[in-house]
Amino acid sequence: MATITNAQPAAAAVPAPAAPRKRTIGLAWLWFTLAALFLILPLLAMVWSSVTTPRGFTLNAYTEILAEPEFGSRFMFSFGAALLTITLSTLLVVPTAYWVTLRLPRVRPVIEFLTVVPLVIPPLLLTFGLIRFFNSTPLTNSQNGLYVMMIGAYVILSFPYMYRSVDAGMQTVNIRALTEAAQSLGAGWGIILRRVIFPNLLVSVLNGSFITFSIILGEFVVSSLLNQPAFSPFMLDLSYREADQATALGIISFVLTWISILAIQIIGRGRASANITGAR
Amino acid sequence: MAFLNLTHLHKTFGASVAVQDFSMQIERGEFISFLGPSGCGKTTVLRMVAGFERPNSGSITLDGNEIVGLNANKRNIGMVFQQYALFPNMNVIDNICFGMKVVGTDRATMLTRADEMLNLIHMREFAKRFPHQLSGGQQQRVALARALAIKPQVLLLDEPLSALDAKIRVELRREIRAIQRQLDITTIFVTHDQEEALSIADRIVVMNKGFIEQIGTPREIYNNPQTQFVASFIGTLNVLTAAVANRDAKKVLLDQQEIQVVDSLDSANGSVSLALRPESISLTRDDDHQNCVNAEVDELYFLGSVVRIRARLHEQFVNVDTFNNPGAALPARGDQIALYFSASAAKVLESDAAKAGQAAV
Amino acid sequence: MTTIAPPQTPAPPALVRTFRRPAFNIDWLGLLPFFAFIAAFLFFPAFSIVQRALTDSTGTITFGNLGGLTNPVIVQAYRSSVIVSLITAFSGVVFGGLLSWAITLGGLPRWLSNSVLSFCGVAANFAGIPLVFAFSALLGRLGLVNQLLRPTGVFIDPQTWLYSMAGLCIVYTYFQIPLMVLIMTPALAGLRKEWREAAENLGATQGQYWRYVAFPILLPSLLGATALLFANAFSTYATTQALLGAMAQTFAVTIVIANQFRTDTFGDPTLGYTLAFSMMIVIGITIAMYTYSRRIAERWLRRAE
């Protein structure tokens with residue numbers, strides 16, 4: 001299940017400590033250290049394990065995995081799926097969000113609810129539902145069909161983040177006021193789209209895109225159940241064969257996720273950014 | 001020895017000085033207002049009295065006892081916050097009883113006292129409501145009752161009305177003053193709204209940039225501002241520049257028209273600042289109006305009971321307030337009119353902020 | 001003096017369209033693509049699970065299929081899932097809550113708190129295959145811990161501590177903690193300074209403030225977080241599969257469902273759907289709890305000032 005929480009932008013995330021007492025600072029540091037140990041040790045262990053062999057320190061695992069052709073193809077598969085998902089999702093979400101904000105504000109709660117539902121449906125159930133629903137249609141009878149279903153599931157899973165991000169962005173810039181101002185100054189729809197809507201929403205779309213990318217890259221359930229050659233199932237298979245390489249792969253994937261989140265925070269500085277949990 | 005003594009309080013936050021050498025004696029039962037713009041230090045002083053900030057130096061004594069070293073929860077001082085700060089998980093009566101509960105008061109006493117308080121604020125029927133079910137004004141009254149329930153020696157109010165609508169503000173400030181008189185409780189009321197301070201305080205402390213500008217009764221502050229800051233902060237005021245014409249005879253040139261003042265010009269250099277209240281200028285001559293200047297009407301503002309005329313001298317503008325008289329004819333824009341005022345109405349201002357010692361009254 | 005007019009709600013902003021127009025106008029068409037997509041890829045699939053679970057071979061609605069859930073293997077899997085989810089929900093709430101407290105109210109430097117928050121954003125997403133690698137590298141037979149402990153002769157047996165229910169709990173906790181931090185930090189940050197000051201001013205000690213004010217205010221958020229963490233753990237799939245391999249089925253309902261769909265291990269085609277339906281119910285309940293808690297929390301923290 002993917003969940004969403006709104007972490008405030010970095011600057012306002014944590015309130016300035018208000019007159020902390022001596023005792024509590026000590027406790028806070030203690031607790032922080034313990035937690036940090038628990039959270040960092042496994043990562044360190046993973047790094048350590050990927051560079052040490054009985055023979056000594058080596059980066060072989062990394063060079064081998066990067067040279068492995070399947071790594072490239074699997075990664076590109078997931079990457080391509082992510083791009084496709086993001087595109088589709090953007091095409092569906094942006095006009096809808098815009099339309100709701102401008103023309104049908106009353107529907108907003110309904111749409112918001114609808115976009116939260118995918119968060120709570122475990123991808124497992126979603127996948128089976130899809131298989132059942134599209135059973136005996138061309139979608140389930142061919143590899144391409146299954147691919148389409150996967151993308152469909154991915155788009156659904158991306159909705160909460162894309163919609164939230166775009167919607168938040170629209171509220172922040174008050175897209176309605178901007179549109180009305182543009183209209184009163186004589187701008188036509190083309191100009192409004194190009195000069196008003198698109199630039200102001202670019203950051204929100206990017207925001208949502210990075211989260212989606214991150215999710216899809218780490219996603220396991222859907223692609224595994226639909227027998228798609230994605231990145232995550234590849235990692236699991238690899239671990240049965242070449243443990244070291246798999247570990248290196250794990251680290252690479254972690255770094256990629258970190259970069260995505262960092263990108264979100266840099267780009268989305270000053271706005272509320274949504275954080276997620278992906279495939280478990 | 002006054003009831004509440006603040007002596008040479010000094011507070012810095014990092015590199016900036018928030019409060020400079022603040023001294024004041026407050027008598028039991030007085031209603032004092034700290035008045036000034038944002039950042040002048042008034043809230044900092046209040047919080048030092050409450051115990052939420054520690055002064056870098058200076059002392060605060062309450063009824064003879066030094067309280068600077070005392071924790072905030074031991075001072076028996078009640079505080080009302082700008083944002084009400086009612087506990088959202090408790091209803092009205094639980095909020096009011098909170099101060100008594102934490103010291104272990106028995107239930108019967110708590111409820112009796114809470115009942116008293118609810119009567120005081122006229123909110124008996126709201127006893128079981130929760131804060132989110134109350135309006136802003138109602139929440140603030142509950143906050144007041146909560147602070148008073150513990151029978152504090154001093155009541156502190158930190159801009160309690162700023163978050164409320166204008167009409168509620170006026171009603172509530174009257175209520176606060178009435179309750180304060182009834183309980184005869186020493187009170188400090190912080191505000192940036194001079195009308196608020198003027199209307200309900202016994203004495204006002206005008207602050208600016210961490211300093212005390214002037215301490216006095218509302219009438220004194222309004223009619224005898226000691227510094228330019230006080231004069232321009234309180235009420236509407238004409239602040240005009242005049243050149244010294246005759247130091248001994250106390251005559252100055254206001255836009256090339258000579259007028260008489262009564263204040264000493266000895267300490268002034270070439271030019272002085274004059275403070276002139278709009279209501280002290282008249283369109284008709286009276287016996288005590290020694291001065292007369294000519295001006296041209298620039299604009300008229302009808303303010304209800306008062307008509308404000310904005311007139312142009314030569315380069316400077318002057319506001320003149322006259323009572324609205326339906327029978328009288330008003331000058332029109334562009335008319336030439338004569339403005340009359342007494343010599344004592346034009347006050348010569350100091351240009352520096354008055355220090356605490358000099359301003360204490 | 002007793003009558004004070006309630007505050008006026010602000011007038012709704014001027015709209016491009018007024019409300020006077022009939023509800024069913026062309027504007028609704030604009031939402032068509034979105035609705036169509038959601039219908040096709042979310043609702044109908046979800047519905048078809050429910051339908052398949054609740055109808056028998058003749059097509060009539062029945063609850064009879066649910067009987068299949070009494071199979072001991074399934075019951076075992078459910079028990080395990082619930083136990084693990086409860087344990088890790090609590091461990092996540094407690095430990096994550098403490099970490100969240102440390103970075104919001106504990107007095108740590110701002111840069112450190114923000115870094116922790118960032119890290120949690122990543123760590124919460126780190127679940128799945130890579131996480132299992134990490135813990136294997138840490139607690140495995142040849143893992144870091146055992147290597148470091150070799151001189152002392154102490155051996156942490158991964159069979160007990162990693163590839164077991166205990167191991168599941170430990171690994172799940174790894175992503176439960178960051179999730180808790182992400183959920184609770186806004187709630188803790190929403191504890192207004194004035195409440196603490198007002199409590200202090202009225203004579204309360206730190207302990208009394210927490211007991212009577214802060215903790216009750218946070219309670220809805222805590223309950224909501226527990227529900228969310230529970231649902232989170234309950235729906236885990238990849239991590240469990242990667243960690244336990246063939247054993248996974250006995251530990252998690254999700255694995256049972258997946259296996260059932262893939263290979264019909266129980267010889268009952270409908271069972272998969274029944275299982276999926278049952279899981280939907282569990283998740284649905286927890287999410288309802290979460291939403292309800294959030295609503296209360298928002299109500300208190302929004303208008304109460």
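A nonpolar core is a set of buried Ala, Val, Leu, Ile, Met, Phe, Trp, Tyr and Cys residues joined through side-chain atoms within 4.5 Å; buried means under 20% relative accessible area (1.4 Å probe, protein chains only). The model is predicted: local features need pLDDT of at least 70, side-chain atom pairs count only at pLDDT 80 or more, and totals for chains, interfaces and linings use all residues. Residues are numbered from 1 along each chain as its sequence is written, chains are lettered from A in the order in which they are written, and side-chain values use heavy atoms, without hydrogens and water.

The largest nonpolar core has 226 residues. B:Phe22, B:Phe34 and B:Phe98 have the most contacts inside it. Helix α8 (residues 143-173) of chain A gives the most to this core, 16 residues; helices are DSSP runs (H or I, at least four residues), numbered from the N terminus. B:Phe98 touches residues of chain C, including C:Leu202 and C:Tyr212 (heavy atoms within 4.5 Å, leaving out residues up to four places away in sequence). Another core, of 48 residues, lies apart and includes B:Tyr84 and B:Leu144.

Chain C gives 27 residues to its contact with chain B, and chain B gives 33. Together they bury about 3100 Å², 61% of it on carbon and sulfur atoms. This buried area is the accessible area (1.4 Å probe) lost on putting two parts together, summed over both. One salt bridge crosses the interface of chain C and chain B. B:Arg47 forms a salt bridge with C:Glu197, with the closest N and O atoms 2.7 Å apart; the rule asks for a side-chain nitrogen of Lys or Arg within 4 Å of a carboxyl oxygen of Asp or Glu. On the side of chain C that touches chain B, α8(C) gives the most, with eight residues.

Terms used: Helix = DSSP H or I, 4+ residues; strand = E, 2+ residues; numbered from the N terminus. Buried < 20%, exposed > 50% of the residue type's maximum accessible area, 1.4 Å probe, protein only.
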